Amino acid sequence: MIPCKPTGQRLTILLLSFLIFSVFNTVSAQDGKALFMGKCASCHVMGKDAIGPNLVGVEERWGGDLKALNIWIKDYNKAIAAGYQRAKDVVSFAPSVMQTFEGNITDPEIDAILKYIREWKPVVVVNGGPDP
């Protein structure tokens with residue numbers, strides 16, 4: 001009788017693949033810009049109001065309450081229902097409503113987006129200099 005080694009090898013490869021994927025599947029801060037562009041930029045423009053409000057300084061406007069801000073980002077209705085005053089204030093910003101992201105965004109992704117927003121600097125364009 002031949003032992004069933006291929007099954008053991010497959011299981012080992014599967015477990016190693018899962019481990020490697022888990023270790024390397026972390027969201028980095030530089031992904032924050034890509035996440036922002038994919039999930040936020042259709043309504044938010046860094047440095048100015050658009051369909052959605054300017055996000056520069058958003059953490060400060062929420063009083064540093066990242067838990068409330070995370071709830072707002074995932075589902076603004078839950079932030080309003082929880083009684084967060086900032087949520088009640090922001091919901092009246094525009095006649096449009098914020099998209100809900102619950103189930104479509106993770107806490108590490110939100111952290112990466114907030115880090116991108118926190119570290120964002122406007123592009124400085126210098127005009128009138130001599131031609132090279």
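Contact means heavy atoms within 4.5 Å. This is a predicted model: local features need pLDDT of at least 70, side-chain atom pairs count only at pLDDT 80 or more, and totals for chains, interfaces and linings use all residues. Residues are numbered from 1 along each chain as its sequence is written, and side-chain values use heavy atoms, with hydrogens and water left out.

Q: How many helices and strands does the protein chain have?
A: Helices (H or I, at least four residues) and strands (E, at least two) are DSSP runs, numbered from the N terminus. From that end on, the elements run α-α-α-α-α-α-α. The count is seven helices and zero strands.

Q: What share of the 132 residues of the protein chain counts as buried?
A: Buried means under 20% relative accessible area, exposed over 50%, and partly exposed in between, with a 1.4 Å probe and protein chains only. Of the 132 residues, the buried share is 25%.

Q: Which residues of α4 meet α7?
A: The axes of α4 and α7 are 11 Å apart, and the packing angle is about 105 degrees. On the α7 side, the partners are Asp-107, Ile-110, Asp-111 and Leu-114. On the α4 side, they are Leu-66, Leu-69, Asn-70, Ile-73 and Lys-74.

Q: Why are α4 and α7 roughly perpendicular to each other?
A: Axes are lines fitted to C-alpha atoms, for helices over the stretch in contact, and angles run from 0 to 180 degrees between N-to-C directions. Angles under 35 degrees count as roughly parallel, over 145 as roughly antiparallel, 65 to 115 as roughly perpendicular and the rest as oblique. α4 and α7 are roughly perpendicular because their angle is about 105 degrees.

Q: At what angle do the axes of helix α2 and α7 cross?
A: Helix α2 covers residues 31–39, and its axis comes within 8 Å of that of α7. The two helices are roughly perpendicular to each other. Their contact includes Phe-36 of α2 and Tyr-116 of α7. The axes cross at roughly 100 degrees.

Q: What is the volume of the largest pocket?
A: On a 1 Å grid over the protein atoms alone, a pocket is an open set of points where a 1.4 Å probe fits, with protein on both sides within 12 Å along at least five of seven lines. Grid points are joined across faces, edges and corners, and a volume is the space filled by probe spheres set on the points. For the largest pocket, that gives about 590 Å³.

Q: Which helix supplies the largest share of the lining of the largest pocket?
A: Lining residues have an atom within 4 Å of a point. The largest pocket has 32 of them, and His-44, Pro-53, Leu-55, Trp-72 and Met-98 lie nearest its centre. α3, α4, α6 and α7 each supply at least two. The largest share, four residues, comes from α7.

Q: Is Lys-121 buried or exposed?
A: Lys-121 lies in the segment after α7. Its C-alpha atom is 8.7 Å from that of Gly-47, 74 residues apart along the chain. At a relative accessible area of 62%, Lys-121 is exposed.

Q: Which residues does Arg-61 touch, not counting residues up to four places away in sequence?
A: Arg-61 lies in helix α3. At 35% relative accessibility, Arg-61 counts as partly exposed. The residues touched are Asn-54, Leu-55, Val-56 and Arg-86.
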